[in-house]
Every structure is written in C-alpha cells, then in structure tokens.
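Student: Could we go through this structure together? I would like to start with the ligand and then turn to the helices.

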Amino acid sequence: MTADRPRETPTGLPGFRLWPGALDAEAQQALLTEVLAAAQTAPFYRPVTPGGRPFSVEMTGMGPLAWVSDRAGYRYQTTHPVTDAPWPPMPQSLLDLWDVLTGWPVPPDACLVNLYRHEAKMGLHQDKDEADLGAPVLSVSLGDTAVFRIGPAEGGRTQSLKLASGDVCALTGPARLARHGIDRLLAGSSQLVPGGGRINLTLRRAR
Ligand SMILES: O=C(O)CCC(=O)C(=O)O
Ligand SMILES: [Fe+2]
C-alpha cells in the first residue's frame with residue numbers, strides 16, 4: 001500500500017467503493033511477485049461454465065478456499081481443480097488491505113485470481129456463491145486497464161468505468177449484489193504483467 005491510507009473516490013453508486021491508485025508501483029510489483037509465486041504451485045487454468053463453455057479468463061486461487069466452475073457447477077473448494085493440492089496461502093498484504101479498506105471484522109477466506117490476456121473479458125454477473133452476502137467483496141487490479149461495467153442487481157442502467165493497475169474497489173452493502181463484468185482491456189496500457197494483460201484479485205468471505 002502507499003504510506004497513507006488510500007483515498008476513496010465517490011462513485012455515485014451506493015455501496016460501490018473505489019480507491020484509485022490504492023497500491024503504488026512498488027506495492028503493485030510486490031503483490032504481483034507474490035501472486036506469480038503462488039501460481040508456480042497453483043497454476044492458472046481455464047475453467048468451463050456448467051454448460052461446458054471455456055471462460056476467456058484463466059483462473060487460480062489463494063487462501064483456504066477459492067471459487068471454481070466446471071460441468072458440476074459453481075462452488076468454493078479447498079483444492080486446485082487440476083493439481084488437487086490445497087490453494088497457496090493468501091499474501092499478508094491482501095489480508096491487511098481487506099482490514100484497512102473494508103473494516104470487516106472477519107478476514108477473507110477466499111481469493112480468486114483472474115488472468116486476462118488480450119481479448120479476455122467477463123460477462124455481467126453477480127457474486128452470490130458466498131454464504132454471507134453481507135460481507136464485502138474487495139477487488140484489486142494489476143496490469144492493463146480494464147473497462148469495468150456495473151449496474152443494479154435487478155437490471156436497469158449499467159455504467160462503465162476504468163480500473164487501472166493499483167486501483168482497488170469493493171462491492172458492499174446495497175452494491176453487494178450489483179451486476180458487474182469486464183467489457184475489455186486497454187491492451188498495452190501497463191507493462192506490469194509479464195506477457196501482457198491484467199490480473200484481478202477478489203477477496204471474499206465464502207463461508
Ligand atoms: O476482473 C474484475 O475486475 C472483476 C472480476 C469479477 O467480477 C469476479 O471474479 O467475480
Ligand atoms: Fe464478480
């Protein structure tokens with residue numbers, strides 16, 4: 001994190017919280033290094049939807065649990081679906097970030113790691129596989145800027161905003177079930193991720 005407490009920007013969407021540049025260049029690099037080290041034991045893999053369609057993002061996880069998707073459905077599990085090994089631990093810096101920014105009294109027990117290369121995107125969805133939908137979801141962006149779309153849970157107008165490397169946002173309270181997704185990346189907007197693209201980390205309370 002930067003030396004000071006990150007500055008929060010109003011979003012106009014109640015419960016959707018945004019801290020642009022919460023991680024400075026050094027913190028971004030340090031976090032990326034930890035994530036890539038974790039990916040040595042828990043490699044990125046390409047999940048499929050329950051209908052059998054491959055995701056355009058690759059995924060892995062950190063922490064006691066991580067979210068997976070396959071023919072059997074969506075769920076949180078304690079092991080990597082390809083290696084069957086337990087997920088590597090969540091970096092302490094992420095646990096600290098959760099504390100400082102959300103103030104939520106219980107630590108996250110799941111971190112989903114999404115790798116977006118080139119054309120990858122993520123369709124509009126809700127994060128609703130968690131046991132306590134009162135707990136926030138905290139999202140950290142590293143690498144290429146993403147065009148993020150967010151709108152109310154029940155339909156209605158969505159709005160789009162850019163998430164750049166080091167930006168952190170959270171779905172909390174009335175925005176916890178907001179529909180959201182990634183329309184596209186601004187390819188080449190960052191040199192942080194080796195090979196190009198973007199890594200997104202979401203911290204959740206799954207159980
Ligand atoms: O990549 C992002 O910024 C969003 C990721 C996301 O919505 C998710 O993993 O559920
Ligand atoms: Fe999501």
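Tutor: The discussion below concerns a predicted model.

Student: Which residues surround ligand 1?

Tutor: The shell around ligand 1 consists of Leu112, Asn114, Met122, Asp127, Ser139, Ala146, Phe148, Leu163, His180, Ile182, Asn200 and Thr202. Two or more of these residues come from each of strand S5 (110–116), strand S8 (146–151), strand S11 (179–185) and strand S12 (198–204).

Student: And how many of the shell residues are nonpolar, polar or charged?

Tutor: Six are nonpolar, five are polar and one is charged.

Student: What does UniProt list as "binding site"?

Tutor: An unreviewed UniProt entry lists His125, Asp127 and His180 under that heading. These three span 56 residues in sequence, yet no two of their C-alpha atoms are more than 8.7 Å apart, so they gather at one spot.

Student: Where is His125, and what does it touch?

Tutor: His125 belongs to strand S6 (residues 122–125). Leaving aside residues up to four places away in sequence, His125 touches Arg179 and Gly181. His125 is exposed, because 10 other C-beta atoms lie within 10 Å and the limit for that class is 12 or fewer.

Student: How does Asp127 look by comparison: where is it, and how many C-beta neighbours does it have?

Tutor: Asp127 sits in the loop between S6 and S7. Asp127 has 18 C-beta neighbours inside 10 Å and therefore counts as partly exposed. With residues up to four places away in sequence set aside, the contacts of Asp127 are Val137 and Leu171.

Student: Which domain does UniProt list?

Tutor: The unreviewed entry gives "domain: Fe2OG dioxygenase" for residues 107–207. In the model, that span is 0% helix and 47% strand, and its end C-alpha atoms lie 11 Å apart.

Student: On to the helices. What length should H1 have, and what does the model show?

Tutor: Helix H1 (residues 25–41) has 17 residues, which at 1.5 Å a residue should span 24 Å. The end C-alpha atoms of H1 are 25 Å apart, in agreement with that expectation.

Student: Which residues of H1 are buried?

Tutor: The buried residues of H1 are Gln28, Leu31, Val35 and Ala38. Viewed down the axis of H1, they fall within an arc of 90°, so they line one face of the helix. The face turned away from that buried side carries the exposed residues Ala25, Glu26, Thr33, Ala37 and Gln40.

Student: What covers the buried residues of H1?

Tutor: The cover includes strand S2 (58–62), helix H2 (92–102), S5, strand S7 (137–143) and S12.

Student: Buried or exposed, for Ser165?

Tutor: Ser165 has 23 C-beta neighbours inside 10 Å and therefore counts as buried. Ser165 is also 28 residues from Val193 in sequence, with 9.9 Å between their C-alpha atoms.

Student: What about H2: which of its residues are buried?

Tutor: Leu94, Leu97, Trp98, Leu101 and Thr102 are the buried residues of H2. They cover an arc of only 100° around the axis, which puts them on the same side of H2. Gln92 and Asp96 are exposed on the face turned away from the buried side. Elements covering the buried residues of H2 include strand S1 (16–19), S5, S7, S10 and S12.

Student: One last topic, the backbone. Where does a residue other than glycine have a positive phi?

Tutor: Most residues other than glycine have a negative phi. Asp84, although not a glycine, has a positive phi of about 65°. Asp84 is in the loop between strand S4 (73–77) and H2, and with 7 C-beta neighbours inside 10 Å Asp84 counts as exposed. His118 also has a positive phi, near 30°.

Student: Where does His118 sit?

Tutor: His118 is placed in the loop between S5 and S6. His118 counts as partly exposed, with 13 C-beta neighbours inside 10 Å.

Student: And which residue just after H2 takes a positive phi?

Tutor: That residue is Gly103, with a phi of about 65°.

How values were computed. Residues are numbered from 1 along each chain as its sequence is written. Chains are lettered from A and ligands numbered from 1 in the order in which they are written. This is a predicted model: local features need pLDDT of at least 70, side-chain atom pairs count only at pLDDT 80 or more; totals for chains, interfaces and linings use all residues. A residue is near a molecule or strand if its C-beta atom, placed from the backbone, lies within 6 Å of it. Helices (H or I, at least four residues) and strands (E, at least two) are DSSP runs, numbered from the N terminus. Ala, Val, Leu, Ile, Met, Phe, Trp, Tyr, Cys and Pro count as nonpolar, Asp, Glu, Lys and Arg as charged, and the others, Gly among them, as polar. The expected span of a helix is 1.5 Å times one less than its number of residues. A residue is buried if 20 or more other C-beta atoms lie within 10 Å of its own, exposed if 12 or fewer, and partly exposed in between; C-beta atoms are placed from the backbone. The arc is that of the directions from the helix axis to the C-beta atoms. Two residues are in contact if their C-beta atoms, placed from the backbone, lie within 7 Å. UniProt positions are given in the numbering used here, feature names are shortened, and annotations may be inferred rather than shown by experiment.
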